[in-house]
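Subject: Structure for your review

Hello,

Here is the structure I said I would pass on. My notes on it follow below.

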Amino acid sequence: MDTTSQTPPRRLKFIFFPLGWLLAHVTRLVEIGKVLQERGHEVIIAGEDPDLQPRSKIGFARKVGFRTAYAQEPLFPHAWDRFEKHGWLASAWDILTHENWAPLDKILESQIKLIQEEKPDMVVGDATISVSTAAYITGIPAAGVMNGYGTRFMSATSPFMPMIRILNGVQLERLRRRVYRKHGVKPVNAFRLLKSIPMISPDLSELYSPPKGYPNWQLVGPILAQPPVPHPEWWNELDDGKTNIYITMGSTGILDSFLRRTYEALSKLPYRFVVTTAGQARPETIAMAPANFRIATYAPGNELVHHCKALIFHGGNGSMYQGLTAGLPMIGLPSHLEQKINFEVALRHGFGVQLSARHVSGAKLVKTLERILTDPSYRENAQRFSESVTAHDGAREAADIIERTALEGKPAGWQLK
């Protein structure tokens, strides 16, 4: 840790641009922001207005005292709802027609406008690819936050890179050039620009390696984040001696149909199933829950895992690290490619088993759950990473990098000019 960052020479202003529809991307920036605020800096969280967009998670940042500001985002719920209903074909079409729900030029203009109004010292994006371009155009420093599994997409040898380059060259660059021309700034290559800024990965070096060609990729350790919510009314039951199993699909998982398919089989087990829905289960589905289920929209996940014996989840990065703090064996039900790639580390290191989110049966789930509970190797393999996860203070290490970059004052892409 950079100890000089504890007493910065001046107060800085930051704007954080998360993908505000997704809980993990908001809450981990909130954790970094808390550290910067403790050091006397100002942090603004920017995204869609949660008063107008109830599915936005930006409201959680406001709830803990951060000032929020409007910046246009991709209309992620449009794409997610279509994917959940129709699958990959709908997603492929939505990528090709992204201007209907993710107009890059308008999103960029919105970010630039906010930067010009607020005049921050630096901007940070989490799963927001336009932030480095907005910073370059406005002449300020930038950093990004990206999960370790992003290396599978971003490295030069990635099988996905040809498709990414084609999409970028055919569609995205055209929209960027439109914004560059408007602001009188010479365009730069988007990939070179991204490689030029600090990329902060909230992951363990034991599980992920920095991608080649990204000299500023920095592993800081997990950022254990959770929404600022009270304990559910059933919380005190968790220590009554009954085995608790935690089910969560984060904010991007296939939960509603999963519960309906598995309720009957899970109702016959001598366990209590603790479910957080993040609003992804319909009221009628929740009303159908068997007697051994306890359900809440949100709960303090960092605490909840320590009351449980196993984790059934969507394979997401944040939930995985929460589970590892408690040494939980895991069943992963990835619903899309990023979650599947992230959960590969659980398969590789032997602390998880993967099933199909769309097609798993109750019988298959029960059999797999009994397997990870009775075979001690799954828990032992998870426990091997527990100490390493808790030893890191990912939010503080990320704040050090961000603060240091802002104090240096070098604009995004300064090396490319």
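Helix H15 covers residues 362–374, which makes 13 residues, and spans 18 Å from its first C-alpha to its last. That is close to the 18 Å expected at 1.5 Å a residue, where the expected span is 1.5 Å times one less than the number of residues. Helices (H or I, at least four residues) and strands (E, at least two) are DSSP runs, numbered from the N terminus. The buried residues of H15 are Gly-362, Leu-365, Val-366, Thr-368, Leu-369 and Ile-372; buried means under 20% relative accessible area, exposed over 50%, partly exposed in between, with a 1.4 Å probe and protein chains only.

This is a predicted model, in which local features need pLDDT of at least 70 and side-chain atom pairs count only at pLDDT 80 or more, while totals for chains, interfaces and linings use all residues. Residues are numbered from 1 along each chain as its sequence is written, and side-chain values use heavy atoms, with hydrogens and water left out.

On the sheet: six strands form an open sheet in the order E10-E9-E8-E11-E12-E13, with parallel pairing (two strands pair if DSSP finds at least two bridges between them). E10 (293–296) and E13 (352–354) are the edge strands, each with a single partner strand, so one side of each has no neighbour in the sheet. Within the sheet, E8 (residues 244–248) and E9 (residues 272–276) are joined by five bridges in the parallel sense, and Tyr-246 stands opposite Val-274 in E9.

On the cores: a nonpolar core is a set of buried Ala, Val, Leu, Ile, Met, Phe, Trp, Tyr and Cys residues joined through side-chain atoms within 4.5 Å. The largest one has 64 residues, and Phe-17, Val-123, Leu-207, Met-320 and Leu-324 have the most contacts inside it. Leu-207 touches residues including Met-320, Tyr-321, Leu-324 and Phe-385, not counting those up to four places away in sequence; contact means heavy atoms within 4.5 Å. Another core, of 29 residues, lies apart from it, and Phe-293, Ile-295, Ala-310 and Ala-357 are among its members.

One loop residue is also listed here. Gly-221 sits between strand E7 (217–219) and E8 and, at 0% relative accessibility, counts as buried. Ser-201, Pro-202, Asp-203, His-392 and Gly-394 touch Gly-221, leaving aside residues up to four places away in sequence. From Leu-175, Gly-221 is 46 residues away in sequence and 35 Å away in space, C-alpha to C-alpha.

Regards
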